[in-house]
Amino acid sequence: MKAPVRVAVTGAAGQIGYALLFRIAAGDMLGPDQPVILHLLEITPALPALQGVVMELNDCAFPTLAGVVATDDVNVAFKDVDYALLVGARPRGPGMERKDLLEANGAIFGPQGKALNDHAKRDVKVLVVGNPANTNALIAQQNAPDLDPKCFTAMVRLDHNRALSQLAEKTGKHTTEIKKVTIWGNHSSTQYPDLHHATVDGKPALTLVDQAWYENDFIPTVQQRGAAIIKARGASSAASAASAAIDHMRSWALGTEEGNWVSMGIPSDGSYGIAPGVIYGYPVTCKDGRYTIVQGLEIGEFSRGRMDATDKELREERGGVEHLFAKK
Ligand SMILES: NC(=O)C1=CN([C@@H]2O[C@H](COP(=O)(O)OP(=O)(O)OC[C@H]3O[C@@H](n4cnc5c(N)ncnc54)[C@H](O)[C@@H]3O)[C@@H](O)[C@H]2O)C=CC1
Ligand SMILES: O=C([O-])CC(=O)C(=O)O
């Protein structure tokens with residue numbers, strides 16, 4: 001067994017929290033040889049419910065759970081953490097877009113960014129799940145001037161997994177036979193799920209499906225999947241969101257497989273003509289705890305327009321929250 005690492009999870013008594021904590025504690029995120037100390041943050045009224053979750057975590061007697069800190073103090077929650085999963089935020093209801101949450105949720109991420117800045121490990125890996133995830137990640141990053149901006153990422157892995165699942169179903173193959181799918185841009189209905197570089201069982205995906213299905217069925221289904229879950233369940237996705245969060249962190253920490261990539265919302269460095277600074281979904285490979293944007297992909301006209309549209313939405317969201325950034 002390695003020495004334990006500290007993993008913070010905010011919104012720990014919420015529905016994603018309940019699907020997430022037990023899997024992290026069981027070693028699904030960082031491996032069966034990596035003990036974790038969970039740091040759980042909740043708002044004060046949710047502390048009794050959180051205590052119940054802690055009791056259940058202890059009752060699992062997980063070999064990889066080395067301790068639990070449960071608190072409503074953000075400075076305690078982020079003290080010396082190696083990983084931080086920022087889940088705590090209000091979910092949307094029927095008829096809302098995720099950016100409608102910016103007002104309610106944006107205010108959470110400035111103070112959390114500052115607390116990470118003041119207390120977390122200098123190479124902390126931060127994943128923002130709370131919506132609108134990309135712009136909330138930007139707010140947190142902009143309140144953490146002493147941390148590397150690349151520490152802050154947002155989750156588009158759920159969209160990536162949804163794309164794998166749709167394409168697998170259509171082609172009659174397993175998701176493990178699908179490689180090089182990309183989610184470009186925002187975790188919103190403007191995201192662009194791109195199959196131009198994807199392969200299914202070694203064959204180019206777009207030679208196996210027709211263009212009309214790709215354009216009129218696949219893309220809108222992936223873009224609208226969150227809303228479809230809300231309609232069906234009466235609550236937003238939770239177990240699949242938790243699973244995607246685990247996938248995102250595991251890829252980042254332990255690396256991506258040879259010959260494949262994953263999608264992560266990361267600070268744009270201007271690659272592929274995207275506005276520098278916005279937290280944009282890119283195809284990345286990961287090694288030694290670092291992510292690298294896949295370069296040199298050919299971008300046709302079809303993709304260009306969609307990549308620019310989701311970039312524009314992110315720039316507009318950024319324009320609306322700049323007052324929440326720390327003064328330089
Ligand atoms: N990026 C993605 O792919 C996805 C993002 N989400 C988002 O994740 C967020 C959480 O979703 P659920 O767990 O379903 O919501 P939930 O309402 O069940 O749980 C949220 C929890 O966060 C807590 N919380 C609120 N403010 C907090 C703060 N300042 N500090 C710590 N905890 C705080 C609440 O008390 C609550 O227990 C929502 O914003 C939702 O839209 C959900 C699915 C996918
Ligand atoms: O759609 C929502 O509000 C929750 C979410 O982000 C998703 O399921 O992708």
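This is a predicted model: local features need pLDDT of at least 70, side-chain atom pairs count only at pLDDT 80 or more; totals for chains, interfaces and linings use all residues.
1. The largest pocket holds about 650 Å³ of space. Its lining is made up of 34 residues, and those that lie nearest the centre are Val87, Gly88, Ala89, Arg90 and Gly130. Two or more lining residues come from each of the elements α1 (15-25), α4 (102-119), α6 (157-171) and α8 (225-233). Sorted by class, this lining has 15 nonpolar, 13 polar and six charged residues.

2. A UniProt record, from an unreviewed entry, gives the feature "binding site" for Gly11, Ala12, Ala13, Gly14, Gln15, Ile16, Gly17, Asn105, Gln112, Val129, Gly130 and Asn131. Of these residues, Gly11, Gly14, Gln15, Ile16, Gly17, Gln112, Val129, Gly130 and Asn131 are included in the lining of the largest pocket.

3. Two of the annotated residues, Val129 and Gly130, can be described together. Val129 is placed in the loop between β5 and α5, and Gly130 lies in the loop between β5 and α5 as well. Val129 counts as buried because its relative accessibility, 9%, is under the 20% cut-off. Gly130, at 5% relative accessibility, is likewise buried. Leaving aside neighbours within four places in sequence, Val129 is in contact with Ile16, Leu86, Val87, Met155 and Ala245.

4. The lining of the second largest pocket divides into five nonpolar, seven polar and six charged residues.

5. Where does the record place the "binding site" feature that includes Arg92? The unreviewed UniProt entry puts this feature at Arg92, Arg98, Asn131 and Arg162. Arg92 is found in the loop between β4 (83-86) and α4. Its relative accessible area of 12% is under 20%, and Arg92 is therefore classed as buried. Apart from its neighbours within four places in sequence, Arg92 is in contact with Glu97, Arg98, Leu101, Gly226, Ala227 and Ile230.

6. The model has one cavity of 30 Å³ or more, and the volume of the largest cavity is about 50 Å³. The residues that line this cavity are Glu97, Arg98, Lys99, Pro132, Asn186, His187, Ser188, Glu313 and Glu317. By class, the lining of the largest cavity comprises one nonpolar, three polar and five charged residues. Arg98, one of the residues at which the record places the feature discussed in point 5, is included in this lining.

7. The largest nonpolar core has 74 residues, and within it Val7, Leu20, Ile24 and Leu85 have the most contacts. Helix α9 gives the most to this core, with eight residues. Leu20, not counting residues up to four places away in sequence, touches Val9, Leu85, Val87, Ala242, Ala245 and Ile246. A second, separate core has 29 residues, including Ala8, Phe78, Ala115 and Ala144.

8. How many residues of helix α5 (residues 133-141) are buried? Nine of its nine residues are buried, and the helix is mostly covered. The buried residues of α5 are Ala133, Asn134, Thr135, Asn136, Ala137, Leu138, Ile139, Ala140 and Gln141. The elements that cover them include α4, β5 (125-128), β6 (152-154), β12 (262-267), β13 (279-287) and α10 (301-321).

Definitions and conventions: Residues are numbered from 1 along each chain as its sequence is written. Chains are lettered from A and ligands numbered from 1 in the order in which they are written. Side-chain values use heavy atoms; hydrogens and water are left out. On a 1 Å grid over the protein atoms alone, a cavity is a set of points where a 1.4 Å probe fits but cannot get out, and a pocket is an open set with protein on both sides within 12 Å along at least five of seven lines; lining residues have an atom within 4 Å of a point. Grid points are joined across faces, edges and corners, and a volume is the space filled by probe spheres set on the points. Helices (H or I, at least four residues) and strands (E, at least two) are DSSP runs, numbered from the N terminus. Ala, Val, Leu, Ile, Met, Phe, Trp, Tyr, Cys and Pro count as nonpolar, Asp, Glu, Lys and Arg as charged, and the others, Gly among them, as polar. A nonpolar core is a set of buried Ala, Val, Leu, Ile, Met, Phe, Trp, Tyr and Cys residues joined through side-chain atoms within 4.5 Å. Buried means under 20% relative accessible area, exposed over 50%, partly exposed in between (1.4 Å probe, protein chains only). Contact means heavy atoms within 4.5 Å. UniProt positions are given in the numbering used here, feature names are shortened, and annotations may be inferred rather than shown by experiment.
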